[in-house]
Amino acid sequence: MFRGPYFSRTAIASLMCLGIQGGGYSLTVWLPTFLQQTRHLSVLHTTGYLSVYVAGSFCGYLGAAYLSDLIGRRIKIMLFAAGALVIVVSYLSLPITNGMMMLLGFPLGFFMLGIYSGLGPLLTELYPTRLRGAGQGFCYNFGRGIGAVLPAVVGFLSLTLGLAHSIVAFSGACYVLVCLCAFLLPETTALKLETREQEDQLFLDGRRRTAGEHMPPRETADTSRISSPKI
């Protein structure tokens with residue numbers, strides 16, 4: 001998955017997964033703290049806001065699953081990343097009331113977590129059978145591993161930028177990265193998996209031919225002076 005046509009796909013898909021998970025972690029981990037410290041909500045009231053957020057995410061999962069097949073995997077991911085970016089900025093930066101913030105919690109969960117639907121099929125369809133498990137697992141867990149560090153960085157920067165601005169900066173950068181990477185990846189909707197197998201076979205055949213060109217020629221016996229036996 002790090003050779004030939006698969007290297008660029010692995011690199012771009014890994015960065016896309018980093019943006020998806022890093023953007024989500026940067027907000028989700030700090031959302032209860034933001035509601036309590038910045039919006040001055042009690043723990044009881046915070047539960048209601050988070051419940052609206054979770055309800056939106058559930059609807060996002062279902063809606064995005066259908067959209068992935070309807071408009072394409074890449075387009076769906078770019079659409080949800082753009083929606084998440086707009087809602088995150090509105091949710092954290094605009095001078096809105098607590099009631100409006102509760103309403104915005106629904107589209108916030110819808111876009112931020114709904115973006116995961118269709119991600120598995122997209123990563124799977126980038127690779128042939130022999131690389132499918134390793135390729136999908138590497139890309140997703142690369143994003144998860146690096147993205148898990150971002151909430152800590154958000155916490156450190158919040159000491160100087162403020163919590164809201166720090167979350168917006170990191171989440172915004174992550175979702176811009178998602179849009180760029182999804183645009184660069186090939187579309188896999190309605191792709192026949194046999195196509196990936198044929199592509200992989202051509203790649204393997206090319207490697208074998210290249211390896212053969214660099215192999216020393218075999219020594220052959222000189223048979224020009226050997227006469228054919230008489231019958």
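I looked up which helix gives the most to the nonpolar patch, and it is α7, with 3 residues. The model is predicted, so I note that local features need pLDDT of at least 70, side-chain atom pairs count only at pLDDT 80 or more, and totals for chains, interfaces and linings use all residues. Residues are numbered from 1 along each chain as its sequence is written, and side-chain values use heavy atoms, with hydrogens and water left out.

I listed the patch: F2, F7, L15, F138, F142 and I146 lie on the surface, with about 520 Å² of accessible area together. For patches, residues need over 30% relative accessible area and no salt bridge, and nonpolar side chains (Val, Leu, Ile, Met, Phe, Trp, Tyr) are joined within 5 Å. A salt bridge is a side-chain nitrogen of Lys or Arg within 4 Å of a carboxyl oxygen of Asp or Glu. Areas come from the Shrake-Rupley method with a 1.4 Å probe.

I checked F7, which is found in helix α1. F7 counts as partly exposed because its relative accessibility is 46%; buried means under 20% and exposed over 50%.

I then looked at how α1 and α7 pack: the angle is about 40 degrees and the axes are 7 Å apart. That makes α1 oblique to α7, since angles under 35 degrees are roughly parallel, over 145 roughly antiparallel, 65 to 115 roughly perpendicular and the rest oblique.

Buried residues make up 41% of the 231 residues.

Methods
Patches are made of residues with over 30% relative accessible area and no salt bridge: like charges are joined within 9 Å, nonpolar side chains (Val, Leu, Ile, Met, Phe, Trp, Tyr) within 5 Å. Helices (H or I, at least four residues) and strands (E, at least two) are DSSP runs, numbered from the N terminus. Buried means under 20% relative accessible area, exposed over 50%, partly exposed in between (1.4 Å probe, protein chains only). Axes are lines fitted to C-alpha atoms, for helices over the stretch in contact, and angles run from 0 to 180 degrees between N-to-C directions.
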